[in-house]
Each structure stands twice: as C-alpha cells, then as structure tokens.
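Welcome! Take a look at the structure first.

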Amino acid sequence: MSRSVLQPSQQKLAEKLTILNDRGVGMLTRLYNIKKACGDPKAKPSYLIDKNLESAVKFIVRKFPAVETRNNNLAQLQKEKSEILKNLALYYFTFVDVMEFKDHVCELLNTIDVCQVFFDITVNFDLTKNYLDLIITYTTLMILLSRIEERKAIIGLYNYAHEMTHGASDREYPRLGQMIVDYENPLKKMMEEFVPHSKMPCEYLSLDAMEKWIIFGFILCHGILNTDATALNLWKLALQSSSCLSLFRDEVFHIHKAAEDLFVNIRGYNKRINDIRECKEAAVSHAGSMHRERRKFLRSALKELATVLSDQPGLLGPKALFVFMALSFARDEIIWLLRHADNMPKKSADDFIDKHIAELIFYMEELRAHVRKYGPVMQRYYVQYLSGFDAVVLNELVQNLSVCPEDESIIMSSFVNTMTSLSVKQVEDGEVFDFRGMRLDWFRLQAYTSVSKASLGLADHRELGKMMNTIIFHTKMVDSLVEMLVETSDLSIFCFYSRAFEKMFQQCLELPSQSRYSIAFPLLCTHFMSCTHELCPEERHHIGDRSLSLCNMFLDEMAKQARNLITDICTEQCTLSDQLLPKHCAKTISQAVNKKSKKQTGKKGEPEREKPGVESMRKNRLVVTNLDKLHTALSELCFSINYVPNMVVWEHTFTPREYLTSHLEIRFTKSIVGMTMYNQATQEIAKPSELLTSVRAYMTVLQSIENYVQIDITRVFNNVLLQQTQHLDSHGEPTITSLYTNWYLETLLRQVSNGHIAYFPAMKAFVNLPTENELTFNAEEYSDISEMRSLSELLGPYGMKFLSESLMWHISSQVAELKKLVVENVDVLTQMRTSFDKPDQMAALFKRLSSVDSVLKRMTIIGVILSFRSLAQEALRDVLSYHIPFLVSSIEDFKDHIPRETDMKVAMNVYELSSAAGLPCEIDPALVVALSSQKSENISPEEEYKIACLLMVFVAVSLPTLASNVMSQYSPAIEGHCNNIHCLAKAINQIAAALFTIHKGSIEDRLKEFLALASSSLLKIGQETDKTTTRNRESVYLLLDMIVQESPFLTMDLLESCFPYVLLRNAYHAVYKQSVTSSA
C-alpha cells in the first residue's frame, strides 16, 4: 500500500473502526463459548472424548498443521467423516472468522500508520478510544484463542474429514493452521507485529479500559518504556493497581507473570523485569487496601449523590457527567473486586471480601433508576443546551477557522443546523430523537482531520475538537441514556461469577445493616442480557435462564428471611399473649387471698412471678431486647422487598412483594395447624380458646407488616383462614377444621359413648364422670360455651358445616344399624304397634323382641351427637350475631315466618340457610340430607316408611327397660341423667322429623303414636312390684316430659291425655327429694 496512492479521506477509518470493534466483541463471545464448551465434559464435542477416535486425534495434533491421510490411526475417522463435518463446522468456521478478523485489523492498523493519524483523547476522543479498543479487542481475541486447548484437534479433525470427503483440504486450512502455530504464544508474536505501530500516544471513561490500554499497549510497544518517563510511570501505576486484568467475562490475564515471561527473553530488560517484580509486591501488599478505601469513598459519595438527586431531580441535567463518572468508577471497583477475589491466593483473601459491596451496588441501581425515571428532565436540559449554547459556540468556532475546506464546512454547518432546530416542545410531545448520524459524521470528520497533511488539521484546532466532544456527550444525554447506562454501569459480568454472586448475596442477608440493600442482587439480574451479542444468538437462552433462576432464587431467599423474622416476632407475641390467658391468673389470685388471710405458702425466697407487661418497662434506652432486634432486622429487609413494585428480567416480570405474600400464606397455614398441637398418638389438642388467642396474636403481627411493605395482608388472611374452614387446604394437607372435627368425634364423643363423659344440660357442656381410668383431658374445657364460641370463630360457618356433616354421617350410620334391628323384629313390632292397649299381649310380644338394649344405646349415642351439635350451632349463632347481626336477624325473620302450607322443598331451603347461621330448626336439614342418602334400591318407599314407623315403635316400647339401670337416675343439679338418656328426647324428635320428612309422612301423627306407645309402656312399670325393675322408674318418667318440651310438634295437653301429669309431678318430687337425701 503506497503512500502516494493512498487517499486518507477514502479509507473510511471511522466506519472500519466501528464495525471491527463490534465484530470483535461478537468473535470474543463465540470463542468464549467454544472454550467453555470444550472445558465441560457434558458439552464437549463427542469426537474429542470418543475412545475409538483417541489415537486419530493424538496423531492429528502431533502432526498439526501437516496433513497425512495415509495412516492406520485414521481408519475410524473414515466412518465418522460426514458427522464430523456436520458437527464441527460451527467451531471450524468460527476459527476461520477469527483469522479473517485478524487480517482486517492488521490491514486497518497498517492504513492508520501509513496515514500518520494523530491521536489525542482530549481532541479526537472517538477516534483514539476506538483505535485503542480495537487493539485491546484484537489482543484479547488472540489470547483467548491460544487458551482453547482443543483448537488443533477441532481444526485438524474437520480438515481431515474434509480431505476424506472431497479429496482436498479446506481452502482456508493452510493459513488457519499456520496462524494457530504462530500464535501459540500470542503476546510474543504480537510484540513483533506491533513494532511498526509503536507511535501510540476522560471523564466517564472506564478506568478498567484505560488500564488495559496501558498494560497491553506497553507490552506490545515496550520500546517506549525505555525512552519515555511518563509512559514508564503510567505502566508502573497500572502494574501496582491490579494483579490481573479482565480479558473477557471471567477470563483473566495475570499481568505480572505474563509481562515477566515476555521481557525475560529480551536483552537489556533486567531493569524492566525488576520494575515488574517490585510492582507485583506492591500490588499484592497494597492494592487490596487501596481499592477497599476507594469503595468506601464511593459508597458515601454515591449515597450523597443519590440523596441529592432524589430530592432535586432537576440537578440531573447539569450534574449528568458526575452521575456517569460515579457509575463508571463504582462499576470498575466492583469488577476489580470480583476478578481479584476469584483469582487471588487464599492467604490474602480477607482483602478481597467486602461485606458492604451490596450497598455500593444499591446506590448504583438508585442512580440508574433516577436517570431512567427523570430522562425527560435531562432531555429538556440538554435540548436547550444544544440549541441555545452549543450551536452558538460551534458556529463561532467554525466562522473563526482560517482554513475550512468545503466538505468539512458542509458537515460543520449541518451540525449547527441540527442543534439550532431543536426545541423543548419536541420533548414535551414525546418525539424520539436520533443523533447517531451526527455522531458518526463527527467520527468521520475526526478521521479526515487527524491524518497527516489534512487540509484542516484537528491537532491545530484543539478547541474545536474539545467543543465537539462535549457536544457529542450532550447529544447522548438526549437520545442514548439507556446506552450510556449500559456503557458506564453494566454489571452483567456477575452472570459468569455465579458462585461469588451468590456468596455476596448470602453475606448481605446475614448482616442486618446490609439486608436493606439486598434488592440490588435481583436488580443486577436485569443486566445479564446486555452481555449477549447477535453473532452468538445460541447463548441468549442459556444466559436468560440463568438470569431468571438467580433472580427467582434471590427474591425467594429474601422472602424466606423476612418470613423467618416475622415468624420469630409472632412466636414472641404469642408467648406474651399466652401470659394473659385466664389460667395464669390463678396463682396471682391465690397469692392475693393468702396475703389477705396472712397465710404463708410456698418456699421462702421464692422469686415473685413477673406480671405481663414487665417487658415494656425500660429503665435505659440503650437496652435492646430480642424483639427490638427482630423488628429492626425486619424493617431493613422489608425496605428492600418494597423498594421496587416489579422488575423485568428477560421479558419476565418479577414482583418481590408477591414472594413475601406467598411465603407468609404458607407459613401462616403451617403455624395455625402447628398451634393446634395435635398429637395423634396421645389424642391431645389445644383448647380452641387458646388457639384463637394465638391466631389473633399472629394476625396482629401480620397486620403490622403493612407498615413496612405495601402488601394486602387481608388477602393473606382470606386465603389462609378460608382454606382452614375446609377439610383439606390447597396443598392437600389437613386443616384445623379436619383436626378439631376428628378430635371431637373420635376422642370426646367416643368417651361419651364409653360412659366416661356425660352431657350436662344445666352447664351446657360435656363433663368428665368419676371413673377408674381418668381421662387425659377435661371435657368441660373443650365443650363449654366459651370454647364452642372460640371453635366457631376459628372454623367459621363453612368449618362448622363440615363438622355438622361429619356428625350427621355418624348419626346416619347409627340409623342404618337401627333399621337392621327393626328388620330383625319387624313382625313383633308390627303386632305391638296395634296392640298397645292390650297389656298382656304387649308383655308377651316384648319378651320376643331382640336387641332392645342396643336400640336404646344407639339412640342415646344419636342424642349425644345431636346435643353436641346443638352446642356448636348455638355458639355459631352467637358468633355470627356479633359479626353480622343484621344478616342473622334477616335470616331469623325468614325462618320464623314460613307459612305452614309452604312447600316442603322451599321450607327446607330456608331451614338450610338458617342452619348455616346456627339457628335451630324444626326439621334439621343436615340430618335429612344424611338420612336421604341411605335409601336402598331393593326396598320400596312404602317398606322404608314402615321401617321408620316401626323404629319409633321399637324405641317407645323399649323405654321402660331404662328404669332398671343404676345410671338412669335423674340429677336435678345437671338437669339430666349420668348415662345421657336425657339426650334421647333430642334424638327421638330430630330422627322422627327427618325420617317422616324424607318419607312424606305426618311428623305430628307419628310422634303422637310414639307418645301413646311410650306412655302406655311406662305406665305399665308403675304396676311392677320388682324393685330392681322399677329402680329408677321416676327418673325414666321424666323422659316423657323432656320429649314433649323438646318437640315443636307435641304439646303438654297431648301428654296429659296419655300420661297423667300427677305422675310427672310426683316423679319430679321424688327425684329432687332423693337428690337432697343423697347429697346430705
């Protein structure tokens, strides 16, 4: 290329530098992926690890780059040649592309030399920066190429397969093979290349990039170190600042070792080698602490800057340069720490652990957010700046030029016109600005005016160059803010340091003072996609997936940490609430009573029990309790979770608050179930009132979370508590509804059936009876009014409905058994039904009845279950009347004003609504539904009706046998019998109402029939003389009164017609008298 022929204006230096720099990054990306694939046994090309091809690969590498196809080692290669060509093509042609890139770079560098281009970063900024960037990209590319150990095997395999298939080597192979051999030691080869280029000579420029320029520039053009003291000082400063440089992503270059290895073979470089060793010692000793202090300064500086800008966003215009400088410096320090922490010896590891790194990243993210949010503010400022000041100054500078060729004059005039035409209205109208053409024109102009013998030499007009550089920065503030943020603060490098990234995050969470900055880590995941390149599209999915998984993991861990803190606070609050339970005041009352009566109890010197609330008394403001620490830690972490409403990572939107909500729902669910303290082995469970107290304490804490984070805690309550009213939650786990239903049915009511517990109507509770084997629980503490109300609060109407349905299922199974007993005695009962006025015949028929005791026992069990249900329903009514009084009163009105002639289906709908609100009904809809499901296909409806009628007959004629039972004695104190036969009244009425509703019979008629049979049978025992048979006759007589009192269908007049009231009066007199006698 002759200088006489070469015309600098036609060499398109600006375009070539732009294109080659971009392509260089793409080639680096492809080479990096090849290196990583070859280093991973799972991703490595299979031919490199195939045992059958092992000898062939070794032969090819040994002979590389020579080609010898006639060898026995290559026999297996012949079989695989087509597959090798297909699968290794991408790798091979990437290496070919690298070679072509190298050719273009060398050609451009020679052109620049021939044109004798003048470089000064303060004057022709873009030209100088792009030139230096190209050299670094080229150097990095060749170093990275030399680090792919399998390069010879891949290129050789492909070429041999090509030779065997097409009969000749690939046309690019000879040059490519030679390049691979030449660049075995890339820096040494490039030092020779750069001998002709040794004439190498900002504000938001990356310090990291400048270090690379200095290190690689002076390695390649090392001769200047011996002649220029300024160059030597720069070189030493760079060597003392770092031990390694970032080549590309996580590939690093160990400066001191590489430089020493290169210079050791050059004669007369002993002094330079000593310089390198001294600088290495300085870097190892002082670089860590120096950079630590830099990060410390940057933390405070960025914090102040972010605070000022959040308060006065208008300052973003005039202070934009400081913002980008701050971002660039902080980014460089973080990258420095990242690469050194991963590549330094373990003994000096402490210098490379920064527990406050999250804070620095957070302030970077805050500044980035300000720039994105207030972009229009910056645009307004710089649009006015460009049109009102820059255009005027540039026009004056152009007018004052002594020489200005026509082409340059046209370009400069176009700059002035472009800026003059700008107005604030364009910003207000949301117009999209694009100054890329103007910037490229200035880049071209720099190239034209920086060559030797240029008509307009930029070296002679420095003020023009500096002014244009300023203008270019101002244009970027209008149309390229996002690109500027990527250029100055992109931290996508963390994608390739996953382990260090996760470790930093864990350190941040562990340190309470840093946890408020933990949101910086998921925010960094939004940077990852900016490191991809269009020349390597296949890595987009891999990097995208990594960004999603890391972001998800970080947000999940933050939510878990917050959830754990909330759980600890809830535990503390539940403990405090527990201290206020009534059961804990007994000791205090006892002490007060003893003090009054001057009795000495307890041991001397026994410490006085602290009263609830003592924990709130502070004698010293410096005393910090565990609860204080938990609240502080929670507020810090919640600040982070609440920092952004959502973030977009690779077209996926993440909402940090939703992570917390989700975790709170899961933990609240587990906590509620856990607080029941249900033990299946011992059948122990928490009292409903105590569980309710704990749940309310828990909910109070959760409600306070709304003070820290903008989440809808009511939604959490609704989701969790509504699920707890069902049999199973959304995860298929048992709920408190299923646990309590199971406990009341299988533990409490089972013990009632076993005779260990009785229902006391006077107390409206189940009470333990004195037995040999004492129960592990006190039934009264689980079934009194307050406990049943607490149960209703916890389970709600849905849960109580499930409890009722479970109770009804047990009743229906008992009724099924009763029907079987009726079928066994159907003939006898049919005769008894019509012979109740024939005492002798009734006596004879009664003796033929079987399973009389079983019928009464099963009916008693039904009565006990219905009594428990009435307690539950009454409690539910009380709770709902408190929460929704107007709705409950409306339902009551519905129920109380159903006309008698109303269709039964309509009436049952009203009863179902009333029952769901806890109101008592004449006909129990739940029982009707449960018994309806028993209809047998083999039995006709008439037969079913007959069995129902005979069941009532069976119960009526069996009542007299109760008089012989010792436990059938009526107790006025409890208003019932110890063997629960008083529950028969409820059972007889409810079962009759349900059965004859199902079979469409007259409930009143059937109950009248029952009353006639029962009174006839009971009157008969009045004539008995056997004292054993009539032991508790009076107590059993009272059952008739109870049945009538319980029934909405029977009256006392009707009873009087069947059974003389005088007998009832005498019976009451007798049992009360007996009660007084026994108590005396």
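Predicted model: local features only at pLDDT ≥ 70, side-chain atom pairs only at ≥ 80, totals over all residues.

**Exercise 1.** Is tyrosine 759 buried or exposed?

Residues are numbered from 1 along each chain as its sequence is written, and side-chain values use heavy atoms, leaving out hydrogens and water.

*Solution.* Start with the scale: buried means under 20% relative accessible area, exposed over 50%, and partly exposed in between, with a 1.4 Å probe and protein chains only. Tyrosine 759 has a relative accessible area of 9%, so tyrosine 759 is buried.

**Exercise 2.** Classify the ring pair of tyrosine 759 and phenylalanine 766.

*Solution.* Rings of Phe, Tyr and Trp (its six-membered ring) pair if their centres lie within 6.5 Å; planes under 30 degrees apart count as stacked, over 60 as edge-to-face and the rest as tilted. Next, a search of the whole structure finds 42 aromatic pairs. In this one, the centres are 5.1 Å apart and the planes stand at 45°, so the pair is tilted. Finally, both rings belong to a cluster linked by ring pairs, whose members include Trp743 and Phe868.

**Exercise 3.** Where does the charged end of arginine 516 sit?

*Solution.* The test asks for NZ of Lys or CZ of Arg within 6 Å of the ring centre and within 35 degrees of the ring normal. The charged end of arginine 516 sits over the ring of phenylalanine 639, 3.9 Å from the ring's centre.
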